[in-house]
Amino acid sequence: ALREVQEETGWLCKVVRPLSDVSYFFVRDGVRYHKTVRWFVMEPVEKTGKPMEGEILDCRWVAPGEIKTVLSYPTDMKLLEQLALS
């Protein structure tokens with residue numbers, strides 16, 4: 001997870017704690033895949049590069065009160081709810 005975050009966002013982070021696992025299915029080239037994504041609460045340590053071009057549209061830190069204004073996917077909102085409960 002740490003390597004993925006650094007490669008895709010340009011930020012070296014540290015894991016604070018696990019948050020949630022999200023599982024879903026998708027189809028690519030006619031093949032159905034099952035994917036599980038493991039989410040973590042992380043803290044930034046150091047900026048080491050730039051967001052991955054073509055993968056990441058925007059990467060920024062926002063205040064807790066602003067989070068709901070920048071999230072657009074329902075699954076992200078569910079993760080936010082889990083974070084608030086943890």
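## A tour of the salt bridges

Select Arg 3 to begin: this residue counts as exposed, at 51% relative accessibility, just over the 50% cut-off. You are looking at a predicted model. Across the whole structure, a search finds five salt bridges. This tour visits some of them.

Stop 1: Colour by accessibility and check Glu 7: it is partly exposed, with a relative accessible area of 40%.

**Stop 2: strands S1 and S2.** Move to Lys 14 and Glu 43. Here the closest N and O atoms of the salt bridge are 3.7 Å apart. Lys 14 sits in strand S1 (residues 11-28), and Glu 43 in strand S2 (residues 31-47). The pair therefore ties together parts that are 29 residues apart in sequence. How exposed are the two partners? Lys 14 is partly exposed at 45% relative accessibility. Glu 43 is partly exposed too, with a relative accessible area of 37%.

**Stop 3: Asp 58 and Arg 60.** Select both side chains. They meet in a salt bridge, 2.8 Å from N to O.

**Last stop: back to the network.** Salt bridges with shared partners join Arg 3, Glu 4 and Glu 7 into one network. Display the three side chains together to finish.

Methods:
Residues are numbered from 1 along each chain as its sequence is written. This is a predicted model: local features need pLDDT of at least 70, side-chain atom pairs count only at pLDDT 80 or more; totals for chains, interfaces and linings use all residues. Side-chain values use heavy atoms; hydrogens and water are left out. A salt bridge is a side-chain nitrogen of Lys or Arg within 4 Å of a carboxyl oxygen of Asp or Glu. Buried means under 20% relative accessible area, exposed over 50%, partly exposed in between (1.4 Å probe, protein chains only). Helices (H or I, at least four residues) and strands (E, at least two) are DSSP runs, numbered from the N terminus.
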